[in-house]
Amino acid sequence: MFRSTLQKLAALLLLNLASTIVWAEIRVSGAEFESPEYYYEHGKVAGSFGARFQCILERTALNKGLKILPYTRQSVLFERGEIDVIFPWVATPERSAKFLSSKPVVTIVAALVSSNVKFKTLQDLANTDVATVKGSVFHALVESHHARVHSTYSYQQALDMLKHDRVKAVIIPNTAVPQSDHPWHISELREMDIVFYLRGNHTEHQEIKARLDHAISTCEMPQMQP
């Protein structure tokens, strides 16, 4: 009886150890993103809604070995299968049909930022020079409205192009717009959910999704600035 109990305990410990090893091999990446609400500090996500991402990462043990990469580089590696979990990405029907998505973590608003007050909607951007991040959902928005798209590798680079009058407008998340005084006009376009995406739909991916969704439900929702 005693020997049988020991054998069962040993088998259970080995199973848990194997699960821990597999979990530790999950490759996680956060996209480079700098705003008052979301930024990286000493390898951790910070800011008013960045803190919620950090809470989720810690509660799911996905914070270990976190790689912070430019969005375009992150996207390429994810498509190649060299990254298993990515964030913070805008949820779209196309992406969610291809990859496994977590529950929404936060909701942001796409913003049209311009030095010209006449640019208020996407329709106003036809045949206009507009900058946004290459490969992002904002890039697709601009292209679909027949603007002349200037691709950048970061939201700050897009804003720099606007500042130096190389483009007439940029499309970026409202959280990436500087809080300091600036001469730009800002129009809010539409709300977008930000999620974690997982590459794969096997049992282990479903387990990661379940843990992410649970952590999203328990980590405090940030108070967004007006």
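In which strand is Leu-69 found? Leu-69 is found in strand E4, which covers residues 67–69, where helices (H or I, at least four residues) and strands (E, at least two) are DSSP runs numbered from the N terminus.

## The model and its chain

This is a predicted model, in which local features need pLDDT of at least 70 and side-chain atom pairs count only at pLDDT 80 or more, while totals for chains, interfaces and linings use all residues. Residues are numbered from 1 along each chain as its sequence is written, and side-chain values use heavy atoms, with hydrogens and water left out.

The chain has seven helices and eleven strands. Of its 226 residues, 45% count as buried; here buried means under 20% relative accessible area, exposed means over 50%, and partly exposed lies in between, with a 1.4 Å probe and protein chains only. Among contacts (heavy atoms within 4.5 Å) between residues at least 6 apart in sequence, 69% join residues at least 24 apart.

Leu-69 counts as buried because its relative accessible area is 16%. Leaving out residues up to four places away in sequence, Leu-69 touches Ser-29, Gly-30, Ala-31, Glu-32, Gln-74, Leu-77 and Ile-83. One of these, Ser-29, is 40 residues from Leu-69 in sequence, yet the C-alpha atoms of the two are 6.8 Å apart.

Ser-187, which has its place in strand E11, is also buried, with a relative accessible area of 15%. Residues up to four places away in sequence are again not counted, and Ser-187 then touches Ala-110, Ala-111, Leu-112, Phe-119 and Lys-120.

In soluble globular proteins, nonpolar side chains tend to be buried together. Beyond its neighbours within four places in sequence, Leu-125 is in contact with residues including Leu-112, Phe-119, Val-130, His-145 and Ile-171.

Phe-53 is also one of the buried residues of helix H2 (residues 50–59), together with Gly-50, Arg-52, Gln-54, Ile-56 and Leu-57. The cover over the buried residues of H2 includes strands E1 (28–31), E3 (44–46), E5, E7 (106–114) and E11, as well as helix H7 (203–218). After H2 comes Ala-61, whose phi is positive, near 60°.

## Strands E8 and E9

Strand E8 (residues 129–133) is largely enclosed by the rest of the structure, because four of its five residues are buried. E8 pairs with strand E9 (residues 148–152) in the parallel sense over five bridges, where two strands pair if DSSP finds at least two bridges between them. Asp-129 has Arg-148 in E9 as its bridge partner.

## The largest pocket

A pocket is found on a 1 Å grid over the protein atoms alone, as an open set of points where a 1.4 Å probe fits, with protein on both sides within 12 Å along at least five of seven lines; its lining residues have an atom within 4 Å of a point. The largest pocket holds about 370 Å³ of space, a volume being the space filled by probe spheres set on the points, which are joined across faces, edges and corners. Of the 26 residues that line this pocket, Glu-32, Phe-33, Pro-88, Tyr-155 and Pro-173 are the closest to its centre. Strand E5 (85–90), helix H5 (137–143) and helix H6 (155–163) are the elements that give two or more residues to the lining.

By class, the lining has 19 nonpolar, four polar and three charged residues, where Ala, Val, Leu, Ile, Met, Phe, Trp, Tyr, Cys and Pro count as nonpolar, Asp, Glu, Lys and Arg as charged, and the others, Gly among them, as polar.

## Backbone features

Most residues other than glycine have a negative phi, and most peptide bonds are trans. The peptide bond from Phe-87 to Pro-88 is cis, with omega near -15°, and Pro-88 lies in strand E5.

His-42, in the loop between strand E2 (39–41) and E3, has a positive phi of about 55° although it is not a glycine, and it counts as exposed at 79% relative accessibility. Asn-127, in the loop between E7 and E8, has a positive phi of about 65° and counts as exposed at 56% relative accessibility.
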